[in-house]
Amino acid sequence: MGKIIAVHSYKGGTGKTLMSINLATAFVTRGKKVCLLDLDFRAPSLYAALKADGSEYWLNDYLNGVCEIKRVLIDSTEKSGLNGGRLLLGLANPNTEAIRDMTAKDRKWEMRALGRLLALKNSLLNDMELDYIIFDTSPGLQYSSINAIVSADIVLVVTTQDTSDILGTRRMIQELYDLFDKKAALLLNKTLLSTTSFEKEIKEIAIRYEKTYNLPVLQVIPCFCDVLKAGGTFIFAKEKPDHPFTKILEEITTKIEKMEKC
Ligand SMILES: Nc1ncnc2c1ncn2[C@@H]1O[C@H](COP(=O)(O)OP(=O)(O)O)[C@@H](O)[C@H]1O
Ligand SMILES: [Mg+2]
């Protein structure tokens, strides 16, 4: 049975969307069948980042109980130009009214939405035999983020060296992941390396942050100018297969496969 991976963070701008897209596409190049879902209803991003075509229904409609998940999904395998597996997209509605509507939901609605997220295991992982569902989540501790974490098998926490991010992330891990007893690991993103002996420095940083968060560091990811310049639109697996960022993503997919077996 496939797995749900939630890509989460305490603050916005840590790199969740970039990591979600490039993780999904790294899995596709490995022959996996992947569904990438934009659960950041406050700041929908996949629509623009992937220049997606849009669909008759949005993920908002699925969570509102208006349609089945299959009506939302867009098969982007051909458009992405990736060989190997399959890439399905589920988009959050980027229109202002839809964003306001999603931010005004009450707890009762959120409970029903949790049921619908959990039902994806059956409809997508079981029936459609997908290998992975990747949630690009909303940052922080609001109910919609908690729903995504509760329904996931693995949580990847994207964090940076920003002090306010560190303190918030630490509290979030203690209060949320420990509470739900989730398989979780850190992606320490946009890391600034100050020496030329990268490998040694990366190891030291990983040890330091594992102590800070009491969570394994899956990967230390440097801040790349090329990634910044791409403005979040590159599918690195396709456009820059030899870039160090692509290699890092490949390493992360291997580590996730190991995590699944633990
Ligand atoms: N490792 C990195 N190196 C350089 N820029 C990065 C890196 N990771 C993310 N970024 C950039 O940071 C910005 C925010 O990333 P994004 O994925 O939109 O964050 P989030 O989804 O968490 O709000 C984007 O411009 C993205 O390209
Ligand atoms: Mg985002």
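Helices (H or I, at least four residues) and strands (E, at least two) are DSSP runs, numbered from the N terminus. The model is a predicted one: local features need pLDDT of at least 70, side-chain atom pairs count only at pLDDT 80 or more, and totals for chains, interfaces and linings use all residues. Residues are numbered from 1 along each chain as its sequence is written, and chains are lettered from A and ligands numbered from 1 in the order in which they are written.

Helix 1 gives the largest share of the shell around ligand 1, with 3 residues. At least two residues each come from helix 1 (16-29), strand 7 (183-191) and helix 10 (225-229). A residue is near the ligand if its C-beta atom, placed from the backbone, lies within 6 Å of it. There are 17 residues around ligand 1, and G15, K16, T17, L18 and V227 come nearest.

P44 sits in the loop between strand 2 (33-38) and helix 2 (46-49). P44 counts as buried because it has 25 C-beta neighbours inside 10 Å; the cut-off for buried is 20 or more other C-beta atoms within 10 Å of its own, with C-beta atoms placed from the backbone. P44 and N93 are 49 residues apart in sequence, yet their C-alpha atoms are 6.7 Å apart in space.

Helix 6 (residues 107-127) packs with helix 7 (residues 143-151) at an angle of about 25 degrees, and their axes are 9 Å apart. Axes are lines fitted to C-alpha atoms, for helices over the stretch in contact, and angles run from 0 to 180 degrees between N-to-C directions. Helix 6 is therefore roughly parallel to helix 7, a term for angles under 35 degrees.

Methods:
Buried ≥ 20, exposed ≤ 12 C-beta atoms within 10 Å, placed from the backbone. Parallel < 35°, antiparallel > 145°, perpendicular 65-115°, else oblique.
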